[in-house]
Amino acid sequence: MALIHGGQLQQVAEQYKIPLSDWLDVSTGIAPLSYPIPDIPLKAWQQLPQQSPALIAVAKQYYQCSELLVTNGSQAIIKALPELYSQKNMASQDVYLPERGYKEHAKAWRSAGYTLHFYQELLPNINQLPTNCVVVIINPNNPTGKFFDREVIVQYHERLKQLNGLLILDEAFIDVMPDGQSYCGKVEDNHVIVLRSFGKFFGLAGIRIGFLVANGYWCERFKALLGPWQVNGPAQIIAEKALNDNAWHNEQCEKLHTLRVQQEALLWQVFTDKLVSTIQGCDLFLTLSFYQTGNAKKLYHLLCQQGVYCRLSDEQDTLRFGIAVEENLMRLEDACLQACGEVA
Ligand SMILES: Cc1ncc(COP(=O)(O)O)c(C=O)c1O
């Protein structure tokens, strides 16, 4: 069965009978400011998309790694990985995943017949991991915002090497974290792979680009499995330009940070610490936890009635807000105030 994610505005608009164009959609963690689309030469639309060496070179520079594979979004790897891994390591059967996190990981490992073990805020006890196991870390996690330092990741990587296991680091949102936290530069052996998502930080999820950062062994295997023409030509041209534009990266980081600080202050002011216990996240989304069970669901519904679409967690106890641009803040504030008035 398909999982619910943010970004399903069409469906929500129909449910609440509000025209699509009237919504404020803050249901995803995709940057609200997008990299400007360059002119695309006609041949990029006409020809079959060969893998662009220029894109690969620029991506290696941006991700600071020596090997990578360009894919149709990191989701393509998330889906294909468990089957491929179970063929490589036939003794593997256990996977450790964050209980709250992007649920496509769990879905893929479950489908491949693995035994799923969920951890909460803290990573599973490193001394109790079984041989041949897999550990998935989403860093920073979506939706909790939990972030593990490089030193912690190194320990898990070393342990999984000893155990003949695999560490999967999903760094879909790491572009907004301080420099030097990504693990891409440390990927050499068969026991770690990193997933990078292009669409979130660059605000272009629709072009479907992601990267597998792994050693040659894994890149070759995935390349063979996924087959030719994974990523369309126009998307490759856009990504090459975007990944190479350092000035834009710096500007985007600063703008997103300013917007996040503003929005976090606004959400605290509106919801207050009487209603909300924590606001966690990163510069691409903010997740609100509530003291009273039931409030998240009520508020979600009250916001939708006003055409404001945020993400109600699968557990139905938190609300995640993507970052809104400045001109939408007042609308967000008004809607939240009205919704709060009705649950208070
Ligand atoms: C944590 C995480 N990883 C991976 C993905 C997949 O993103 P994409 O396929 O666009 O790279 C998502 C999508 O929301 C996500 O939240």
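How near do the axes of helix H10 and helix H11 come, and at what angle do they cross? They come within 9 Å and cross at roughly 130 degrees. This is a predicted model, so a few ground rules apply: local features need pLDDT of at least 70, side-chain atom pairs count only at pLDDT 80 or more, and totals for chains, interfaces and linings use all residues. Residues are numbered from 1 along each chain as its sequence is written, and side-chain values use heavy atoms, with hydrogens and water left out.

**The helix pair**

- H10 covers residues 295-305 and H11 covers residues 326-343; helices (H or I, at least four residues) and strands (E, at least two) are DSSP runs numbered from the N terminus.
- Axes here are lines fitted to C-alpha atoms, for helices over the stretch in contact, with angles running from 0 to 180 degrees between N-to-C directions.
- H10 and H11 are therefore oblique to each other; under 35 degrees counts as roughly parallel, over 145 as roughly antiparallel, 65 to 115 as roughly perpendicular, and the rest as oblique.

**Around the ligand**

- There are 13 residues around the ligand, and the ones that come nearest are Ser 74, Asn 142, Asp 170, Ser 197 and Arg 208. A residue counts as near if one of its heavy atoms lies within 4 Å.
- Helix H4 (residues 74-88) gives the largest share of this shell, 3 residues.
- Sorted by class, the shell holds 5 nonpolar, 5 polar and 3 charged residues. Ala, Val, Leu, Ile, Met, Phe, Trp, Tyr, Cys and Pro count as nonpolar, Asp, Glu, Lys and Arg as charged, and the others, Gly among them, as polar.
- Ser 74 has a polar side-chain atom 2.7 Å from a ligand oxygen, and a polar backbone atom of Gln 75 is 3.0 Å from an oxygen atom of the ligand.
- For Asn 142, an N or O atom in the side chain sits 2.8 Å from a ligand oxygen.
- On its own the ligand exposes 390 Å², and the protein buries 90% of that (Shrake-Rupley method, 1.4 Å probe).

- Most residues other than glycine have a negative phi, and most peptide bonds are trans.
- The Asn 139 to Pro 140 bond is cis, with omega near -5 degrees; Pro 140 is in the loop between strand S5 (134-138) and helix H6 (150-162).
- Asn 142 and Pro 143 are also joined by a cis peptide bond, omega about 20 degrees, and Pro 143 is in the loop between S5 and H6.

Key:
Polar contact = N/O pair within 3.5 Å; in protein donor to acceptor, adjacent residues only side chain to side chain.
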